[in-house]
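Take a walk through this model, starting from an open space and ending at a single side chain.

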Amino acid sequence: MSASELACTYACLILHDDGIPITSEKIATLVKAANVSVESYWPSLFAKLVEKRNIEDLISNVGAGGGGAAVAVSAVPSGGGGGAAAAAVEEKEEKKEEPKEESDDDMGFSLFD
């Protein structure tokens, strides 16, 4: 992640934490106040992202799942069915079992025999 992306990310988090609506102008103002130079398109990209996604959801799902969960979440309609789809995703994740490790007893010999 580049310094420009980090600066805009922190600016969005600061604005969200203070309860201030996140706009590209406010992101650019915070970044400029921090003496960080960013390309002019970064603040507008982050502002558009925040319009489409809820920051609290992004924060709570930072380390969740990987690629499969992100696709399922983005496919959820904005209507009231979001809870059922989220529960289905959680059930899928719980059903995944870790493969059993083979023990040395199965092979009939040990590394140190």
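**A pocket and the helices around it**

The second largest pocket holds about 300 Å³ of space. A pocket here is an open set of points on a 1 Å grid over the protein atoms alone, where a 1.4 Å probe fits, with protein on both sides within 12 Å along at least five of seven lines. Its volume is the space filled by probe spheres set on the points. The model is predicted: local features need pLDDT of at least 70, side-chain atom pairs count only at pLDDT 80 or more, and totals for chains, interfaces and linings use all residues. Residues are numbered from 1 along each chain as its sequence is written, and side-chain values use heavy atoms, without hydrogens or water.

H1, H3 and H4 each supply at least two residues of this pocket's lining. Lining residues have an atom within 4 Å of a point. Among them are Cys12, Phe46, Val50 and Leu58.

Now turn to H3, residues 41-52. Helices are DSSP runs of H or I with at least four residues, numbered from the N terminus. Trp42, Pro43, Phe46, Ala47 and Val50 are the buried residues of H3 (buried means under 20% relative accessible area, exposed over 50%, with a 1.4 Å probe and protein chains only). Seen down the axis of H3, they fall within an arc of 130°, so they line one face of the helix. The arc is that of the directions from the helix axis to the C-beta atoms. The face turned away carries the exposed Lys48, Glu51 and Lys52.

Finally, find serine 4 in H1. Serine 4 is buried, at 8% relative accessible area. Its contacts beyond four places in sequence include Trp42 (contact means heavy atoms within 4.5 Å).

Technical notes
Expected span 1.5 Å × (residues − 1).
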